[in-house]
Amino acid sequence: MDKHTPLPTSLPAWLQLNIHQSKIERLHMRDLFAEDPERFQRFSVEACGLLLDYSKNRIVPETMELLLDLARQVELPCWIERMFSGSHINNTEDRAVLHVALRHGSDGALPEGDSDVMPAVQRVLEQMDTLTQAVESGTWRGHTGKRIRTIINIGIGGSDLGPVLAVEALERFHHEGMQAHFVSNLDSSQLNQALAQSDPESTLFLIVSKSFTTQETMCNAASAQSWLIQYLGDPTAVSSHFLAVTSKPELAMAFGIGPKSIFEMWDWVGGRYSLWSAVGLSIALMVGMKHFRGLLAGAHEMDKHFRTTPLERNLPVILGLLGIWYRNFFSAGSHAILPYDYALRTLPRWAEQVEMESNGKRVSRDGETVDYATCPVIWGASGNNGQHAFFQLLHQGTDLIPADFLAAIRCQEAWPGHEAALIANALAQSRSLMVGRTDEEMRRSLKESGLEGEALEAMLPFREYPGNQPSNTILYERLNPRVLGSILALYEHKVFVQGICWGINSFDQWGVELGKQVAKGLLRDIQSKQLERVRDGSTMGLMAYVRNKSKWDKK
């Protein structure tokens, strides 16, 4: 375990930030821009193919100086080096945190204890290369000799969300004639939907589970196996149609998957940080290893930026510290992620896990219950659609909700007029949230629409836009594998920055375990009809109702 670390609320910078917040709380960003013509230049940074404009935040230069002081007082630079040097910063599981090694390429060794992890990483990448080439060339064929045309990834959590995001985002780079489906839910409707669109003779299943015991994954895998054998009539067909990504090869082999079809996972990679490994095999199969390596290269570029760039010009550090500013000093309970790029439509879902599973903690690294807020609720959707759904809340709701706008200057598939309209909407929304409308401006607008006197005064409260809602804008020229890698690594490192500032371990997830354990017990009770094991009246009543209405006993 790490040495005792003081809680951040006791640090001088935290105390100064509290005082500073009370001084600038009532400042309006509209006025800050009017007073400082250089505000955009002062509060924007470009790196790794991304432009981050953070000028539309409720900050002044002193704010950033104090936030950077906080970063230094929690020893953020030291913690960054500890992560990259393989220290066991995941103290509750006594593990290193080395997802950065998965995209390190040939940039030298990365240690884990006395070992260099890079030879193992390169070995698995070469194994992925061999497989993807075999599928692309038709060397790898299904049991009846048909070429593989469909990939079905079976996994959940980090074994699903990252691959789904990348495969959808990189659709422009897909191999012609290939399709991918993702199955994560215990509700068999999702599996049925994927199977209904697939030919068993040309389908390749990827079973992605570190333990190879994950309930949802193994239940779906067993059903997929039965489906394949039923259609092909031969249990040996499994070896031609199933691959495994796991740290338990013996369990995968017992399932019927051959040793050469098993791809290794490691303890030092958390599930939500694993798409860069063989967990991303579905990505590599759909876009090819050249583009998969481009994804890794973009993430590695962000890793180097994070590790070597001074804090005041460091994209993940800036994003992370701004999140601390709003969560802890403005009591912002949520943060919206709003991609104005259809390819990134599932980015908010991925970020929900990366941020809330990492930093949704109430105990410090030392086991102390904290007396301050940690991770906000992360949510969002495609920004252009959100304008006609939840943006009402952003503009006129009662909460302060910081937001990230992400936009491509060039669309994936552009029709005339679409690109300019899309970027105009993104910039208009971030400006409107910041500026709002003054009473004087609103009165003028209502008069121009023909309202006067009492009618105007009655309508005025409903048309008020207070503004002063903060946002960051991230622009990039056009989404490609390298840019996507940079964006995802940016958010990963932002989470790390915030975890260090809050003094929590961002790399365990014990809160996920309780529900799993209770579910196993309830499943045994349901199957054995021993409802008396259930202690609380609500669960007993619900289970009795379910058993009475179900037809399970008759199947």
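Five bridges join strand β10 (residues 334-340) to β12, and the two run parallel. Strands here are DSSP E runs of at least two residues, numbered from the N terminus. Two strands pair if DSSP finds at least two bridges between them. One link on this side is Ile-337, whose bridge partner in β12 is Asp-404.

The model is predicted: local features need pLDDT of at least 70, side-chain atom pairs count only at pLDDT 80 or more, and totals for chains, interfaces and linings use all residues. Residues are numbered from 1 along each chain as its sequence is written, and side-chain values use heavy atoms, with hydrogens and water left out.

Now take β13 (residues 471-476). Six bridges join β12 to β13, again parallel. Ala-403 has Ser-471 as its bridge partner in β13.

Strand β12 spans residues 403-408, and six of its six residues are buried (under 20% relative accessible area, 1.4 Å probe, protein chains only). In a regular strand the side chains alternate between the two faces of the sheet. Ala-403, Phe-405 and Ala-407 point one way from β12; Asp-404, Leu-406 and Ala-408 point the other way.

Which residues contact Asp-404, leaving aside neighbours within four places in sequence? They are His-335, Ala-336, Ile-337, Leu-338, Asn-472 and Tyr-491, with contact meaning heavy atoms within 4.5 Å.

Technical notes: Buried means under 20% relative accessible area, exposed over 50%, partly exposed in between (1.4 Å probe, protein chains only). Helices (H or I, at least four residues) and strands (E, at least two) are DSSP runs, numbered from the N terminus.
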